[in-house]
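Take a look at the chain below.

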Amino acid sequence: MKKNRGYAIYLIPGVLASLAVIVVPLVMTVYVSFTKWTGVGTPRWVGFDNYTRLFQDTLFWQSFSNIGLLVLAMAVVPTLLGLFLAAVLFDYVAKKFGDRWAGTLRSGYYIPQVLPVAVTGIVWGWILHPDYGALNKIMESIGLGGLTRNWLGDPDYALYSVMAVMIWFQLGYPVVMFMAGLSRVDPELYEAADLDGASWWQRFRKITVYMIRPEFYVVLVTTTIAALKIFGQVFVLTGGGPSNATLVPSYFAYKNFFEKAQVGYGSAISTVLTVLIVLLAFLFLRLQHRAEETR
């Protein structure tokens, strides 16, 4: 500690930034969640009234049921599909066509991650538009006009349409992470498996999945957290509609904050969501630590 004491001064900017951007707003949000406040004037302390109202609010529970499906679309499906695609790119494309082609395809999958959320939302809004959208036009041109829908405007299809967009949006991140993990696996393990007559699927299941478990947990944690706090895509694509079919907790909090001026109630929603994210992150980290201890 004495030896490294001189480096502490370099931590000050980061600590101050964290206090200003994370800690102070978090404490203020928790405090405001126990008050009734419109954002103007002095907050009035109401205790647990906002939380009592929250857990009796059907829209709150509907937003969480929607977020459960979005966790499936943003965390589970991209993680599993990304793992498979990364293995194909690493084991097949790179060996048959070269690392350049594998890298190009990997970059292509990752492009949605670097595009602005507003841009992707607007483009997909055009694609899924019921009148001039590319998807409906293509379906009509190939004789499937009876399957065209108002993808983002029909409560029966809106959430599933957003889920499909989010799978496309999220897929590149697991592919990049898993390919990075595959690059550190000892090639001798695969050579030994080949000599023993193992099939590609057996090598994938027994070696690949086992060796990149750290990356698997990281991807699952980060994508789950991203799904729980999703806002921008829902805001641009559907605005939580139609008929609250795509309402999620973060957008529900936004509506109470800025549209209804119910800052205390919106803060209670945000606090519950924060607690849920922290608990899930802690659970995943515990599972990862336990898995590493058993290796």
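How many aromatic pairs does the structure hold? This is a predicted model, and the structure holds 24 of them. One is formed by Trp151 and Tyr157. Their ring centres lie 6.0 Å apart, with 80° between the planes. That makes the pair edge-to-face, because planes over 60 degrees apart count as such. Trp151 is buried, with a relative accessible area of 15%. Tyr157 is partly exposed, at 30%.

Ring pairs also build a cluster. It links Phe231, Phe235, Tyr251, Tyr254, Phe257 and Phe258. Another ring, that of Tyr265, has a charge over it: the charged end of Arg53 sits 3.7 Å from the ring centre.

Now follow the chain. An unreviewed UniProt entry annotates residues 7–34, 67–89, 109–127, 157–180, 216–237 and 263–285 as "transmembrane region". Take residues 67–89: the model has 100% helix and 0% strand there. The end C-alpha atoms of residues 67–89 are 31 Å apart. Residues 157–180 are 92% helix and 0% strand, and their end C-alpha atoms lie 36 Å apart.

Which residues lie nearest its centre? They are Thr29, Phe257, Ser270, Leu273 and Thr274, out of 18 lining residues. Helix H1 (12–32), helix H13 (249–259) and helix H14 (263–293) each give two or more residues to the lining. H13 gives the most, with 6 residues. By class, the lining of the largest pocket has 13 nonpolar, 4 polar and 1 charged residues.

Definitions and conventions
Residues are numbered from 1 along each chain as its sequence is written. This is a predicted model: local features need pLDDT of at least 70, side-chain atom pairs count only at pLDDT 80 or more; totals for chains, interfaces and linings use all residues. Side-chain values use heavy atoms; hydrogens and water are left out. Rings of Phe, Tyr and Trp (its six-membered ring) pair if their centres lie within 6.5 Å; planes under 30 degrees apart count as stacked, over 60 as edge-to-face and the rest as tilted. Buried means under 20% relative accessible area, exposed over 50%, partly exposed in between (1.4 Å probe, protein chains only). A charge sits over a ring if NZ of Lys or CZ of Arg is within 6 Å of the ring centre and within 35 degrees of the ring normal. UniProt positions are given in the numbering used here, feature names are shortened, and annotations may be inferred rather than shown by experiment. Helices (H or I, at least four residues) and strands (E, at least two) are DSSP runs, numbered from the N terminus. On a 1 Å grid over the protein atoms alone, a cavity is a set of points where a 1.4 Å probe fits but cannot get out, and a pocket is an open set with protein on both sides within 12 Å along at least five of seven lines; lining residues have an atom within 4 Å of a point. Ala, Val, Leu, Ile, Met, Phe, Trp, Tyr, Cys and Pro count as nonpolar, Asp, Glu, Lys and Arg as charged, and the others, Gly among them, as polar.
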